[in-house]
Amino acid sequence: MLTAVFLPLIFALLIPLLSKWKDKIHTGWFVLIVPFTVFVYLVTKTGKDFAPIRETYQWIPSLNINFDFYLDGLGLLFGLLISGIGTLVVLYSIFYLHKSEQLAHFYVYLLMFMTAMFGVVFSDNVYVLYTFWELTSLSSFLLIGFWNHRKGSRYGALKSMLITVFGGLSLLGGLILLHLVTGTTSIQAMIEQKEVIIQSPYFGWILAFVFLGAFTKSAQFPFHIWLPDAMEAPTPVSAYLHSATMVKAGIFLIARFLPIFVLSEWFMIVTSTVGIVTLCIGSYMAVRQTDLKGILAYSTISQLGMIMAMLGYGTSTAIFAAVFHILNHATFKGSLFMVAGIVDHETGTRDIRKLGGLMTLMPITATLALFGTFSMAGVPLPFLNGFYSKEMFFQASLDLSGTSSITEVLAIVIPILAVVGSIFTFVYSMYLFFGTFRGEYKEQELPKKPHEAPIGMLISPIILITGVVVIGLYAQLVNEPLLAHTYEAITGEISNKTISYWHGFIPAFQLSLLVVGVGTVLAMTRKRWSSIYNVLPGSLSLNRVYDWLVDRTEKYSMKITNTYMTGSLKTYAQLLLSAIFIISAAILFLTNGINLEATDLAPITIAELLIVGMMAFAAIATVFTNSRIAAILILGVVGYGLSILFVLYRAPDLALTQLIVETVTVALFLLAFMHLPELRKRTEPLRTRALNATIAISFGALMTIVAISSFASKWFEPISQYFLETSKSLGGGKNVVNVILVDMRGLDTLFEIAVLALAALGIYGMIKLRGNSKEAK
Amino acid sequence: MEIVTSILAGILFTTGIYNLLQKQLLRIIIGTSLISHGAHLFILTMGELKRGNPPILVEGVTNYVDPLPQALILTSIVISFGVTSFLLVLAYRASQTNQTDNMDELRGNEHE
C-alpha cells in the first residue's frame, strides 16, 4: 500500500523530464499508467472474502507517528473512486488540455493530489492523516489557480485555501485531543476505546473540531461558498476534485469516526441538520445559476449535504444509502462535469442562456447528459443508480424517530426538507439538460460552430455513464464485493442489505413520484417564479460575509499596525519605557517586593549631601537649558560629581577612570558641538511634554523604589570575601579591583577592549568612508 | 546614605529619560549619558557604601569595601564611553548629511 500511496508522488518527479524528453507526445499519456495501476491493484482486493489489510512503515517512531496504512471497506471504496475516476480524468484531460498549456505543472499537481487522497483514505495514524489532508488542500489550491493569469482563478484558489485550511487546523486540534484522551495515534485503536472518548470532558471539543474539518472540506453550509468559486479550475480538475474525490474527504472523515460519534446524540442532531440545510440551500441556489459548472457546483454541494445527512441519521438503512450514494454521485457527477467541459470546448461558452438545441448537433453528448441528469434527479427508472439511493434516502428520512425533544422535531422536519430539496434537485437537473440540449438553437450567440466532440474526450464520460446504468441494473455487482464491506467498516456489522428494483408501493416511492410531479410543474414554469431569487439571495450574502471578513481583517490589522509603527523613534521609546514600567511595577506590586525599611545604612555627611545636591541640580538643569554649551558643561558637572562620590565611597580606580573619561567625553562633545545645530526652544505642545515628564518621573521613581527595596532585602552574603582573601595568594596582587579585572574576571576586560576597538574603528569608518553615500545619491 | 544615593540615581534616570524623549540628537545623547551615570551609581549603592577601607590590601587591615561592584562599574564606564563617543560621531555625521538634527525630520518616508 505504501507503493500505491506514493507511486503518484514519485512519478510526479519524472514528469518534468518526460514532458521535455518527448514533447511530441501529450504528457498525460505517461501519467495514465499511474492511477490505472493502482486501480487494478485495488480491484484485485475486492471480493466477497475481503478482509482488512494493515501495513506499518516507520516514520517518527519516538512520537508514535508512523505510516500506518489500513485498508478496510471504506478505504477500498474511496481508493477505487480516486484511482478509477483519476484514470478517466487523466484520459479526458489529454483531449481537453492543449499541448500549449503548462502540462508538466498540471500533471505534477494532479499526481500530488492523488497521493494526498490515497494517503487520507488509507491512513490509520491521525497525524499522517492530517498531513495528507493538508496536502489535498495545497494541491487543490494549485489546481484551482492553474490559470493563474486570471483574477477569478486566484480569488477562487485563495478562498478555498483559507476555508479548507481553517477547517484543517481545527481538525488537527480535534485529532490532538483524540490522541491525548486515548493515548494512541491509531484510529482503529481509538474506535476500540470509544467509551473512553465519549466520557472524556473534551468530547464536545473533539466533536466540534472534527465537524469543522469535515464540513469545510465537504462544502457544507455555511462553508460551501468556496466550491462555486473553485469552478475556475480546468474542467478535469472540477470533475475530479470538486465532485468525486476531495469534497468527499469530509464525508470520509465523518464515516471513519462514525463508530465513536454515533454514540452521542449531538452527532445526529448537528450532522443531519447541517446536511439537510446544505441539501436545500445547494439545490435552491443551483436553479439560479446560469453557468453550467455553477449549476454543477451547487448540485455537488446539495448532494454532499444529502450524504452528510444520511450519515447523521446513523440508522443502518441510512448508512448503507450514504455509501451507495457516494459511489453513485461520483459516477454521474463526474460524467456531467465532463459533459459540461465538452459543451464548453465545442461551443466556446458555458452560459446556459446562450446554449440550446444542441441535441441534434451533439447526439452522443446529449445522451450522456440525459442519463447523468436523470440519475442525479432520482427519476424512478430502473436503469438509473441515482434513483435507488434517492429512494433509500427518503426511506431513511421517514424512518427517523426521536427520543429527545430536539430529535423529535428533527424527525418531523427532516423528511419535509428532504422532499423540498429533492424537488429543487429535480428542477435544476431538468433545467441543465433541457436548457442545454433542447429548445431554440442560438447560432449567432455561440463563439464557435458546435459539432460532436472527438472520441477521446467522450470515452471517459461514456465509461462513467455505463457505470450509472450497470450499477442501476445490476446493483448486486457492486454490493457484495464492495459496498457490503464499506458498510461493515463503518458500522462494524455484517451487511445484509440488498438493492432491489421494486420495494412495492411504499411511502418512499410515493415521495419519489411526488418529487417528479411537483418538479415537472416547477421546471415548466421556472421563468414565472424565478423572481423569488431577487428576494431570497441565498448564499450570495454569505459570500459578502466572507469578502467583508477578509477585507476587514486586512484593514484593521493595517490600522492597528499603523497606530504604533509610526516611524518616530520617540514613540517607540515611549512605548518601550511605558511597557517596562508597567510590567516591572505590576510584578513589584503583585509579589509584595516593595520594602522601604532599609536598615544598616551608612551615615550621611554634609560633604556628600552637597555633592549629591549639586548633581541633582545639574541633572535637572540639563532638561531646562536651551544652550548647547551649557548643556554639555552641566553634563560634565554630573560626571565630575560622580567621580567625587567614587572618591568618598572608597573607589580610587573608579574615580580615576571616571575623571579621565568625563574629561575626554566633554572634550568630544565640545568637538562635535561645533558641527551640530543650535539647540532650539521647545515647541512641542504641553500635552507631549506632560506625557514625557510622566513617563520619565514614574520610571525614575520606580528605579529608586527598586534600589531601596533590593538594598533592604539582602538574601545572602556577597562572594567578595573570596576575592579579598585570594587576591594576594592566587592573583598575586594587592589591588583587588585590578586583580578581578585582569585575573579573576579577565574575559570581561578582553571584550571591553574589543568594544573600544570596534567603536574606534566605527568612528574612523564613519568619518573616512563618506564618498560612497554621495555617489549613491 | 544609600537612600539618598538611590534617590539621586532615580533623578538621574528621570532626567536622562526625559532628554531621551526629545527630538534633538544632542539631547538624546545627553540623555543616554545621564542614564549610564545613574546605572553606575545604582550598582555602587547596591554593593553597600563605606563599609571599610578601599579594596587595596594593607597588612593588618581586614575590613574592606566590596570590590566586585567596582570592577563591574569600571568595565561599564569604559563601554558606555565607547558607545557615547560612537553616538556623538554618528550624530555629527547624520546631521551633516541630512542637514538636520531633528528626529522627526529624520524619519523615513516609508513608514506606512
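Student: Is A:Thr726 buried or exposed?
Tutor: A:Thr726 is buried, at a relative accessible area of 12%. The word buried stands for under 20% relative accessible area, exposed for over 50%, and partly exposed for what lies in between, with a 1.4 Å probe and protein chains only.

Student: What sort of model is this?
Tutor: This is a predicted model, in which local features need pLDDT of at least 70 and side-chain atom pairs count only at pLDDT 80 or more, while totals for chains, interfaces and linings use all residues. Residues are numbered from 1 along each chain as its sequence is written, chains are lettered from A and ligands numbered from 1 in the order in which they are written, and side-chain values use heavy atoms, with hydrogens and water left out.

Student: Back to A:Thr726. Which helix holds it?
Tutor: A:Thr726 lies in helix H31 of chain A. Helices here are DSSP runs of H or I with at least four residues, strands are runs of E with at least two, and both are numbered from the N terminus.

Student: What does the side chain of A:Thr726 have 2.7 Å away?
Tutor: A polar atom of that side chain lies 2.7 Å from the backbone oxygen of A:Tyr722. Not counting residues up to four places away in sequence, A:Thr726 also touches A:Gly731 and A:Met744. Touching, or contact, means heavy atoms within 4.5 Å.

Student: And A:Ser720, where does that one sit?
Tutor: A:Ser720 lies in helix H31 of chain A, and it is buried, with a relative accessible area of 5%.

Student: Which residues does A:Ser720 contact?
Tutor: Setting aside neighbours within four places in sequence, A:Ser720 is in contact with B:Asp66, B:Pro67 and B:Leu68.

Student: How many salt bridges cross the interface?
Tutor: The rule finds zero salt bridges between chain A and chain B; such a bridge would be a side-chain nitrogen of Lys or Arg within 4 Å of a carboxyl oxygen of Asp or Glu.

Student: And how many residue pairs are in polar contact there?
Tutor: Eleven residue pairs are in polar contact across the interface of chain A and chain B, both residues at pLDDT 80 or more. A polar contact is a pair of N or O atoms within 3.5 Å; within protein, one must be able to donate a hydrogen and the other to accept it, and residues adjacent in sequence count only if both atoms are side-chain atoms.

Student: New topic: what is chain A made of?
Tutor: Chain A has 34 helices and two strands. Its radius of gyration is 38 Å, well over the 28 Å that the globule rule gives for 777 residues, so chain A is more spread out than a compact globule. That radius is taken over C-alpha atoms, and the globule rule is 2.2 Å times the number of residues to the power 0.38. The C-alpha atoms of chain A fill a box of roughly 115 × 65 × 55 Å along the principal axes.

Student: And what does chain B have?
Tutor: Chain B has three helices and zero strands.

Student: One last thing: which peptide bond is cis?
Tutor: The bond from A:Phe221 to A:Pro222 is cis, with omega near 0°. A:Pro222 is placed in the loop between helix H10 (203–217) and helix H11 (226–229) of chain A.
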